[in-house]
Amino acid sequence: MEVRRAGALTTVQDHGRRGYAHLGVPRSGALDRPALSWANRLVGNPPSAAGLELTVTGATLRLWVATTVALTGAPARLRVAGAEAPFGVPVPVPAGAEVRIGAAMVGVRSYLAVAGGITLPPVLGSRSTDTLSGLGPPPLADGVVLPVGAAARVPRPDPAPDRRAGPGQLAAPGSGTTLRLHPGPRRDWLTDASLAGLLAGSYQVSPLSNRIGARLTGGPPLHRARAGELASEGMTLGAVQVPSDRQPLILLADHPTTGGYPVVAIVEPADLPLLAQLRPGAPVRFRPHETSQWT
Amino acid sequence: MRVLPAGPHALLIEADRPAAWAAAINRERAAGRLIAADVVPGARTVLLDGVPDAVALARALESWPAPADPAGTASEAVRIPVRFDGADLAEVAVRWGTDPAGVVVELAATPLRVAFCGFAPGFAYLSGLPGTRAVPRLASPRPRVPAGAVGIAGSYVGIYPVAAPGGWQLVGHTDLPLFDVEADPPALLTPGRSVRLAVAV
């Protein structure tokens with residue numbers, strides 16, 4: 001697979017690099033994991049095979065072998081050898097054909113799976129690009145050539161598709177997204193009023209968001225109930241931190257493994273793919289998870 | 001010891017001796033009696049992440065006896081040759097009320113231990129200096145600290161595995177590689193390891 005136009009930020013992603021957090025190695029992996037898994041299923045790959053995560057602007061590729069691709073996540077136009085091809089289904093690609101992925105129409109991150117997966121050598125068990133530490137392959141650049149594996153079996157759509165993984169999962173532009181919160185280990189670092197404000201708060205996604213964290217802005221300020229610094233402790237995916245600007249920062253896949261900002265809540269893991277698809281300015285609301293106990 | 005919630009698949013143990021808890025948890029994990037994708041020590045905590053049922057595990061942990069200190073079972077100390085030529089060595093000496101040679105002697109004589117890792121792959125926070133030797137971070141961090149730089153922040157000693165921006169007060173550098181993705185484990189300094197700094201000649 002030859003990269004003709006890499007786009008703003010296109011990275012190789014699989015299900016990430018687990019088991020090394022105690023050595024300071026971020027977990028990484030696809031931000032909208034169900035979308036990558038879905039694309040992989042469509043082309044006959046294991047769900048955790050490495051594919052491409054495209055960020056808003058799309059990309060153009062040339063495949064030097066005949067294969068099958070599928071595009072999922074943020075809906076975008078797909079053209080194969082100049083012809084319009086459908087989103088969210090397996091698409092045959094003749095050898096030498098150009099595959100052009102357009103800009104995302106809604107959402108942020110589209111996923112392209114190729115039958116056989118992208119077969120770069122894994123680094124610590126994963127082929128994912130880690131934008132924080134630099135582990136894994138660098139973000140795609142024009143002219144780069146990536147190895148593609150042999151298809152494991154005849155690609156076919158999954159007979160029992162997980163609808164959450166399809167485009168129906170994306171919030172419509174301008175509509176609100178609600179994320180459910182579990183209590184975090186340091187929720188007592190917030191004043192009662194600020195905790196109540198967070199649990200019912202409306203925020204917007206900040207343009208400073210990236211694969212490390214989603215910054216929110218424009219909502220109720222989060223005042224600390226106590227001064228001083230928290231000694232560094234382990235951080236987990238979906239942790240809602242309270243940095244010095246008093247607006248929530250939600251840790252995503254490339255987050256540092258330890259940190260000193262108090263974690264007051266944890267986003268329900270099943271809601272994180274929705275967050276990963278929200279554009280800057282998109283409204284976000286919180287509510288307590290139905291199973292959570294906050295008192 | 002307190003178990004704090006961190007969502008459906010993680011929990012945080014807050015304890016006086018986090019290293020002993022991390023070692024006990026890893027023993028249970030190795031024996032197949034506890035499932036966790038990651039066990040991450042912090043300064044006063046241990047994070048268990050990627051657990052099947054955090055509520056059930058929290059309940060089980062509450063009934064654990066306080067673990068024995070792993071100090072007696074620790075492996076031999078990793079010896080790190082350091083050239084003590086750091087840009088902040090004189091500043092650290094002033095804060096410690098000694099001269100640069102005095103800083104070097106004390107650092108080389110202090111048994112250190114990896115308390116936890118973070119900041120970057122292979123970056124270890126080494127404990128062992130007394131609280132009276134704590135030094136503040138630089139008011140404005142350097143845009144680039146070279147790989148191998150040995151620094152002090154608070155009462156931790158740290159060594160940069162790769163070049164990075166940083167605010168630690170630099171006392172020297174080592175040529176020893178600290179992180180290698182081909183090695184197992186990839187980090188030279190793993191939580192719990194004993195460490196000694198040695199004067200490189």
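This section describes the confidence, domain organisation, chain interface and local backbone features of a predicted model of chains A and B.

The predictor assigns the complex an ipTM of 0.95 and a pTM of 0.94. For chain B, the average pLDDT is 95, and 97% of the residues score at least 70.

Chain A is divided into domain 1, covering residues 2-169, and domain 2, covering residues 177-288. The C-alpha centres of these two domains of chain A lie 28 Å apart. Contact between them involves 21 residues of domain 1 of chain A and 17 residues of domain 2 of chain A. On the domain 1 side, the largest share is supplied by α1(A), which contributes three residues. By residue class, this side of domain 1 of chain A comprises nine nonpolar, seven polar and five charged residues.

Helix α1 of chain A, spanning residues 33-42, is mostly covered, with ten of its ten residues buried. The buried residues of α1(A) include A:Arg33, A:Asn40 and A:Arg41, together with A:Leu36, A:Trp38 and A:Leu42. Their cover includes the strands β2 (10-13), β3 (51-55), β5 (67-73) and β10 (109-114) of chain A, as well as the helix α3 (272-276) of chain A. Just after α1(A), A:Gly44 adopts a positive phi of about 85°.

In chain B, the domain assignment gives domain 1 as residues 2-72 and domain 2 as residues 78-199. Taken over C-alpha atoms, the centres of domain 1 of chain B and domain 2 of chain B are separated by 27 Å. Seven residues from domain 1 of chain B and four residues from domain 2 of chain B take part in the contact. Helix α1 of chain B (residues 18-30) gives the most to the domain 1 side, with three residues. The residues on this side of domain 1 of chain B divide into six nonpolar, one polar and no charged.

Between the chains, 34 residues of chain B are in contact with 27 residues of chain A. On the chain B side, the elements that give two or more residues are β1 (2-5), β2 (10-14), β3 (38-41), β4 (45-49) and β6 (112-117) of chain B. Of these, β3(B) gives the most, with four residues. The side of chain B that touches chain A consists of 23 nonpolar, eight polar and three charged residues.

Several local backbone features were also identified. Most residues other than glycine have a negative phi, and most peptide bonds are trans. A:Leu124, a residue other than glycine, has a positive phi near 50°. A:Leu124 is placed in the loop between β10 and β11 (177-183) of chain A. Because 21 C-beta neighbours lie inside 10 Å, A:Leu124 counts as buried; the threshold for that class is 20 or more. In chain B, B:Phe119 likewise has a positive phi in a residue other than glycine, with a value near 70°. The position of B:Phe119 is in the loop between β6 and β7 (124-127) of chain B. B:Phe119 has 21 C-beta neighbours inside 10 Å and therefore counts as buried.

A cis peptide bond, with omega near 0°, links B:Asp184 to B:Pro185. B:Pro185 is found in the loop between β12 (169-173) and β13 (194-199) of chain B.

Notes: Residues numbered from 1 in each chain as written. Chains lettered and ligands numbered in written order. Predicted model: local features only at pLDDT ≥ 70, side-chain atom pairs only at ≥ 80, totals over all residues. Buried ≥ 20, exposed ≤ 12 C-beta atoms within 10 Å, placed from the backbone. Contact = placed C-beta atoms within 7 Å. Domains from an automatic or database assignment. Nonpolar A, V, L, I, M, F, W, Y, C, P; charged D, E, K, R; others polar. pLDDT = per-residue confidence, 0-100.
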